[in-house]
Amino acid sequence: MSPVEDGRPAGTRTGPVEEPWPPVVVGVDGSDSARHAAQWAADVASAWGAPVHLLHAVPDGIGDRASTPSWLHELHDAVERGGVDEVESLVVAGSAADALSARSRAAGLVVVGSYGAGARSGMLAGSAALTLVEAAECPVAVIRGAAPGLAPPRRGPVVAGTDAATDDDALHLGATLAVGLGTRLSVLHAWSDVVEDARGVHRTTSSGTELAAQAVDRLDACLRPLRETHPGLPIERHVVDDTALRALLEHASGARLVVVGHRRGPGPGWHLGSTSRGLVAFAPCPVVVTAHGRA
């Protein structure tokens, strides 16, 4: 199953009676970063008509007797004021990454803040956020502004990075978010004369002009069904001769958020690709990474 089906998050079905959207699950603590994540999630969930589940993890052995902290009550009320009809607050025992990964199986989106333990100098996201993006079974949003303490931007386009594949989940999820947030979709495809195939990594013999034209054709073909599904959505396209990470970081400086796919790495299983990992670590705006292994 794709992370987005017919413009709706994973886990949602359509039919004679349309089922409710799956919940937006938010990992929270008492930090400003978590508060920004919850407010961001409220904007998206309100647009989608989805419930919000606020999840606070405490150490094992404390969970059963832990009381709901006052800041969680306040956060709950703030999300309701943000236009979300159904809000649930949960205090669970164990690690936040494990609890959020488990709940990602039935969620439409998992949302976390980015400024926490494990963030190294120059990086905006800690190791917990990277671990969650690697493990989750639904799209994950890592929320932050351009610096610690700053709220995420509320203006600018949704930027979606694509390799112009036939079925690119990042494009469809980006379009869904752009429609919900009332902004435009900016699609970026970076091409290169360095290719990887059965012969390994090497430079192609095609000219830059030919490669650029091929990239434009591939991207236009990829966008055609998206324009049909979302006829009122303004869509910009950018085809650049650059690395995907460098181009997306440049566009992220003026974006409301960036959406990127979860790519397969070397070896068995699914691994977070270098572009996705770099964006989660360094982008100055929220980054949403699609699910890794749903088929």
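## An aromatic pair

The count gives 1 aromatic pair, where rings of Phe, Tyr and Trp (for Trp, the six-membered ring) pair if their centres lie within 6.5 Å, with planes under 30 degrees apart counted as stacked, over 60 as edge-to-face and the rest as tilted. The partners are tryptophan 21 and tryptophan 48, with ring centres 5.1 Å apart and planes at 45°, so this pair is tilted.

Tryptophan 21 sits in the loop between β2 (8–9) and β3 (24–27), while tryptophan 48 belongs to helix α1, so the pair links parts of the chain 27 residues apart. Helices (H or I, at least four residues) and strands (E, at least two) are DSSP runs, numbered from the N terminus. Tryptophan 21 is buried, at 14% relative accessible area, and tryptophan 48 is buried too, at 8%. Buried means under 20% relative accessible area, exposed over 50% and partly exposed in between (1.4 Å probe, protein chains only).

## About the model

This is a predicted model: local features need pLDDT of at least 70 and side-chain atom pairs count only at pLDDT 80 or more, whereas totals for chains, interfaces and linings use all residues. Residues are numbered from 1 along each chain as its sequence is written, and side-chain values use heavy atoms, leaving out hydrogens and water.
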